Amino acid sequence: MNQPVIIVHGGAWHIPSPLREAHREGCRRAALTGWDVLAAGGAALDAVEAAVRVLEDDPTYDAGRGSHCNLQGEVELDALIMDGRTLELGSVAAVKRVRHPITLARRIMESGEHAFVVGAGAEAWAEALGVPLCDPADLLAPSPAVAGDDWTPPGMRLPADTVGAVALDLAGNLAVGTSTGGTPNKRPGRVGDTPLVGCGAYADNATGAAAATGWGERLMRLVLSKSACELLAQGEAPQAVAERLIRQLEQRVAGYGGLIIVDRQGRVGLAHNTPHLSFAIVRPGPEVLAGIEFPTAESETHRPSPAS
């Protein structure tokens, strides 16, 4: 029997000092919610959905109820969920009236008709699938507090990112879920890596599950999450994979971001090249590790120089 594990993240960026405890605690709460599912013998797919829903309900994060406006003052939400057992997936993009895009993505996956649906069509399908719609005003993020004494790299002064979860259950099945409100003041219709299979997330029982977060336009170029699973298939350890791909993200495409991984043996990996990545990991015990920085094997969390 497998030892279950779940990792969640709340986005890779610069987190101002006044917001750090909220980011830590929110990830911890989400991971424990997913862990309760796994500990009871539930499926990894149920665990990642439950964990991501907690993050979507928390205005601390740029997803669901904490989402940021585009240039027209509207929210547009994206999400993806993938089942490592069957390789089935569901994905939505640019939805404006769905509080839990992760649940809509799962309902679309389970419908078996389509895998990726966007905009008004996705909202219409939400109603048909019994997913409640909401007032877009209920999804708007509060104005973030900004601490002026913390070093901040270019492009990381505001939350502009994803939430995600990866899990392995007692039956040996893997799953991944991601959700985002996208970058603040993005052009209407912009879609990042989050709902793109292989970029924002990927899960395969034969290898592992991975979720990426960060500068979506750069992450797409490396198909980061599928690349992680391919390296796991070659026998690399999850932590080495995470560190290797984050190095490549910076070196090949000058990108910022983070990556969380669980392999089919329950080993975990987590790396980022932004100042912070809020996260929580729960394993049997339950052992809970939550924070906003994760030290790598190379030293402590790598930070790009301000000139990069």
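Helix H4 (119-129) lies across strands S3 and S4 and runs at about 105° to S4. The model is predicted: local features need pLDDT of at least 70, side-chain atom pairs count only at pLDDT 80 or more, and totals for chains, interfaces and linings use all residues. Residues are numbered from 1 along each chain as its sequence is written, and side-chain values use heavy atoms, with hydrogens and water left out. Helices (H or I, at least four residues) and strands (E, at least two) are DSSP runs, numbered from the N terminus. Axes are lines fitted to C-alpha atoms, for helices over the stretch in contact; angles run from 0 to 180 degrees between N-to-C directions.

**Helix H3**

- Helix H3 spans residues 101-111, and eight of its eleven residues are buried, so the rest of the structure largely encloses it. Buried means under 20% relative accessible area, exposed over 50%, and partly exposed in between (1.4 Å probe, protein chains only).
- The buried residues of H3 are Pro 101, Ile 102, Thr 103, Leu 104, Ala 105, Arg 106, Ile 108 and Met 109.
- Their cover includes helices H2 (44-57) and H4 (119-129), along with strands S2 (77-83), S3 (89-95), S4 (116-118) and S6 (174-180).
- Gly 112 follows H3 and has a positive phi, near 75°.

**H3 against H4**

- The axes of H3 and H4 come within 10 Å and cross at roughly 75°. That makes H3 roughly perpendicular to H4. Angles under 35 degrees count as roughly parallel, over 145 as roughly antiparallel, 65 to 115 as roughly perpendicular and the rest as oblique.
- From H3, Leu 104, Arg 107, Ile 108 and Ser 111 meet Ala 122, Trp 125, Ala 126 and Leu 129 of H4. Contact means heavy atoms within 4.5 Å.
- The residues of this contact divide into six nonpolar, one polar and one charged. Ala, Val, Leu, Ile, Met, Phe, Trp, Tyr, Cys and Pro count as nonpolar, Asp, Glu, Lys and Arg as charged, and the others, Gly among them, as polar.

**H3 against H2**

- H2 and H3 pack at an angle of about 150°, with their axes 8 Å apart. The two helices are therefore roughly antiparallel to each other.
- On the H2 side, the contact involves Leu 45, Asp 46, Glu 49, Val 52, Arg 53 and Glu 56. On the H3 side, Pro 101, Ile 102, Thr 103, Arg 106 and Met 109 take part.
- The H2 and H3 contact residues comprise five nonpolar, one polar and five charged.

**Salt bridges**

- Twelve salt bridges are found in a search of the whole structure. A salt bridge is a side-chain nitrogen of Lys or Arg within 4 Å of a carboxyl oxygen of Asp or Glu.
- Arg 97 forms a salt bridge with Glu 123, with the closest N and O atoms 2.9 Å apart. The pair links distant parts of the chain: Arg 97 sits in the loop between S3 and H3, and Glu 123 in helix H4, 26 residues apart. Arg 97 is partly exposed at 32% relative accessible area, whereas Glu 123 is buried at 7%.
- An α-helix has 3.6 residues a turn, so residues three or four places apart point the same way. Arg 106 counts as buried at 14%, while Glu 110 is partly exposed at 47%.
- A network of salt bridges links Asp 46, Glu 49, Arg 106 and Glu 110.
- Asp 263 and Arg 267 also meet through their side chains in a salt bridge (2.7 Å, N to O). Asp 263 is buried at 3% relative accessible area; Arg 267 is partly exposed at 37%.

**The sheet**

- Eight strands form an open sheet of mixed pairing, in the order S4-S3-S2-S6-S5-S1-S11-S12. Two strands pair if DSSP finds at least two bridges between them.
- S4 and strand S12 (287-291) stand at the edges, each with a single partner strand, so one side of each is left without a neighbour in the sheet.
- From one strand to the next, the twist averages 5°.
- Strand S1 (residues 5-13) pairs with strand S11 (residues 276-283) in the antiparallel sense over six bridges. Ala 12 stands opposite Leu 277 in S11.
- Helix H1 (residues 20-39) lies across S1, strand S5 (162-168), S11 and S12, and runs at about 155° to S1.
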